[in-house]
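Keep the sequence and the 3D view open while reading.

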Amino acid sequence: MLEVINLHANVEGNEILKGINLKVNAGEIHAIMGPNGSGKSTFAQVLAGKEEYEVTDGEVIYEGKNLLDLSAEDRAREGLFLAFQYPIEIPGVSNTNLLKTALNEIRKYRGEEELDTMEFLSLIKNKMKLVELEESFLKRSVNEGFSGGEKKRNEIFQMAVLNPKLAILDETDSGLDIDALKIVANGVNQLKTKNNATIVVTHYQRLLNYIIPDFVHVLHKGKIVKSGGKELAYELEEKGYEWLKNGSEVLAD
Amino acid sequence: MSNTEVKQIEELTNKEYKYGFVTDIEADSLPKGLNEDIVRQLSQIKGEPEFLLNWRLKALRHWQKMKEPNWANIKYPPIDYQEISYYSAPKKKPQLKSLDEVDPELLETYEKLGISLNEQKMLAGVAVDAVFDSVSVATTFKAKLNEMGIIFCSFSEAVKNHPDLVKKYLGSVVPYTDNFFASLNSAVFSDGSFAYIPKGVRCPMELSTYFRINAANTGQFERTLIIADEGSYVSYLEGCTAPMRDENQLHAAVVELVALDNAQIKYSTVQNWYPGDKDGKGGIYNFVTKRGACRGVNSKISWTQVETGSAITWKYPGCILQGDNSIGEFYSVAITNNYQQADTGTKMIHLGKNTKSTIISKGISAGRGQNSYRGLVKVSKKADNARNFSQCDSLLIGDRCGAHTFPYLEINSPSAQIEHEATTSKIGEDQIFYLNQRGIDTENAIGLIVNGYVKEVLAELPMEFAVEATKLLSISLEGSVG
């Protein structure tokens, strides 16, 4: 589904990603872990198409297409979804309105018919249960005045409605208490099928107790320095990133 | 048919045609400049009664002693008032044979606004078939209005046919001494609209909606007078979402509304005059004085405006809440993009007891646009229990534009309740990216945010215009984000 080859990217002239290689197949969950400043969020944003991040080298093939040639909105319409680390507030735009517009834009792009209001409402009411959101939530402005937990639940709710092929969860666990974490993880697990894939970007191993990854990759200084199965996450939890940082110096040399 | 009969018919038809289009005095336009002679000639061309000529002359003499105001937060080169011709006979627009001859850019805008093909032809000056829905609709409605005793005609017709009403109410809300531009208008106004709704009559349609495409070119100094007699109701719509171009750069209109006991007037404006090009060249200067008097008890006047056009907008539709329990409302959306400047707001003057006013102002600045809200809430000593709620919000798109708020409060009654809220927000790249990531392109993303921001105001517009106005907002902001 996704193949990242030697991806390099700059942010304001500084090279943050220094040659990432990653292959994700349908039906897989990949975790990308790493210390602060290792380039995890930059990687997520580059895949989503943030313009300020300049790709200087490498390729990203997504579903047979060159992902880097597509605009951010077309990537979304092709089924790539980013659950933001810091979901932004959009005053005056209700959650319903955002979702209806987004869903219909995506359907239009795929040559499907737009949903009418009734069909749409029954769809979203169904999906809301997944992350245990109240109906009154729909009328509120996007992320405005939301608690940290509500914002993250909202991201997963949007993901449920838009039904992406590839979901990237950027630090979705940060700022969540254990109950909210369970709700969010449960939502993600229920959305899992053999046809879609998930990349979980996280600093801590905690989330991975609830979303069990097939592969774990450690990002350090803009490169993946170690890959393994889920047991790698436990090892990291135990030994800390220092263990790998030292290792990476060796690798880099 | 005999020869004589044919001749008679020809004479009749020719006669109608001839007198329908030619004025009594042969004059195409007056020479440039403004003085008493010019005003006298103008009044004579229009065949006006003595009282109106005298009123114009008093206005002119007053204006000559006035100075152009400079307190507004706008900049423009000095206007030479002696370089303007204050009258020219309405010219027939050159008729085009088909839409193919019309500027494709203009057609594209019509298309985006969802204007029907026939209406597009009318707007662009293309000859239309004799059978044209809107025209016959207009005729039908005119007959209906007549039946109900509603007078709705051009200002000139009102002067000829209803001089008593004009004499009684003209200048009664905006006196000729009011301000520089109102005085100028009073001296030289060319034409405009007049409406009178008799006692107890509820006007069954939006006035002017059905007539907008047929409206005569009223020129740069327009005068509108609307009187709602006791217990009547009228909703009046001014302007058009279609882009309007005019050779005259200076526009100084006056609108006066009078609501008697238990009467209601709802006045909606969509202003889309030429704003100038992307570099700020050209564009209309729009200096307007609009005011309504809630003269009777329990009367109500609502102003709703969507201002997207003009290089300069200088406009403060207000309400004088004279009658006890009267209500004044002001709902406004003002957009400035590129080099547009707007200094707009309202005046709510509370004179009667238990009077109430609401102000909802939404400014949107993009490009290098400058947007100022300027509003006065005044409560007189005798206005017991007056209440006002004001909300003034500003939305910025990009970082080269500006938003300013100048609220003025003059409260002279201890029983008054005044609330004021203000917010400033910005459409950020992060918001756009968030929406992009959900599959929404940048243009629609801005539309979504802007429409969310202005929905309170658009809800006040008549339905079909709200739909057009929504599209208009998106078009006005096209290209405002990188």
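Two residues are in contact if their C-beta atoms, placed from the backbone, lie within 7 Å. By that rule, and leaving aside neighbours within four places in sequence, B:I265 is in contact with B:I226, B:A228, B:V234, B:Y236, B:L257, B:A259, B:G292 and B:I301. The model is a predicted one.

B:I265 also belongs to the largest nonpolar core, which has 181 residues. The residues with the most contacts inside this core are A:I168, B:A228, B:L257, B:A259 and B:I265. Helix 11 of chain B gives the core its largest share, eight residues. In soluble globular proteins, nonpolar side chains tend to be buried together.

Chain B as a whole contains twelve helices and 18 strands. Of its 482 residues, 46% are buried. Among its contacts between residues at least 6 apart in sequence, 83% join residues at least 24 apart.

Where does chain B meet chain A? On the chain B side, 16 residues are in contact with 21 residues of chain A. Helix 10 (429–436) and helix 11 (442–458) of chain B are the elements that give two or more residues to that side. Its residues divide into six nonpolar, seven polar and three charged.

Strand 2 (residues 193–197) of chain B is mostly covered, with five of its five residues buried. Which residues lie on each of its faces? B:S193, B:A195 and B:I197 are on one side, B:F194 and B:Y196 are on the other, and all are buried. Strand 2 of chain B has partners of both senses. With strand 1 (residues 151–154) of chain B the pairing is antiparallel, over four bridges, and B:S154 stands opposite B:S193. With strand 3 (residues 223–228) of chain B the pairing is parallel, again through four bridges, and B:F194 has B:L225 as its bridge partner.

The buried residues in helix 12 of chain B are B:F465, B:A469, B:L472, B:L473 and B:S476. Seen down the helix axis, these buried residues fall within an arc of 100 degrees, so they line one face. An α-helix has 3.6 residues a turn, so residues three or four places apart point the same way. The face of helix 12 of chain B turned away from the buried side carries the exposed residues B:M463 and B:E464.

Helix 1 of chain A is a contrasting case. Nine of its nine residues are buried, so the helix is largely enclosed by the rest of the structure. One of its residues is A:L47, in a helix that runs over residues 40–48. With 24 C-beta neighbours inside 10 Å, A:L47 counts as buried, because the cut-off is 20 or more. Not counting residues up to four places away in sequence, A:L47 touches A:V60, A:L80 and A:I168; A:I168 is among the core residues with the most contacts. The C-alpha atoms of A:L47 and A:A72, 25 residues apart along the chain, are separated by 8.9 Å. Helix 1 of chain A is followed by A:G49, whose phi is positive, near 100 degrees.

Chain A also has an open sheet of four strands in the order 2-1-4-5, with antiparallel pairing. Strand 2 (14–24) and strand 5 (65–66) of chain A stand at the edges with a single partner strand each, so one side of each is left without a neighbour in the sheet. Strand 1 (residues 2–11) of chain A is joined to strand 2 of chain A by eight bridges. The bridge partner of A:V4 in strand 2 of chain A is A:L22.

Two loop residues in chain B remain. Most residues other than glycine have a negative phi. B:N354, in the loop between strand 13 (341–350) and strand 14 (356–365) of chain B, has a positive phi near 55 degrees. B:N385 has a positive phi near 55 degrees too, and is placed in the loop between strand 15 (370–379) and strand 16 (387–397) of chain B.

Definitions and conventions: Residues are numbered from 1 along each chain as its sequence is written. Chains are lettered from A and ligands numbered from 1 in the order in which they are written. This is a predicted model: local features need pLDDT of at least 70, side-chain atom pairs count only at pLDDT 80 or more; totals for chains, interfaces and linings use all residues. A residue is buried if 20 or more other C-beta atoms lie within 10 Å of its own, exposed if 12 or fewer, and partly exposed in between; C-beta atoms are placed from the backbone. Ala, Val, Leu, Ile, Met, Phe, Trp, Tyr, Cys and Pro count as nonpolar, Asp, Glu, Lys and Arg as charged, and the others, Gly among them, as polar. The arc is that of the directions from the helix axis to the C-beta atoms. Two strands pair if DSSP finds at least two bridges between them. A nonpolar core is a set of buried Ala, Val, Leu, Ile, Met, Phe, Trp, Tyr and Cys residues joined through C-beta atoms within 7 Å.
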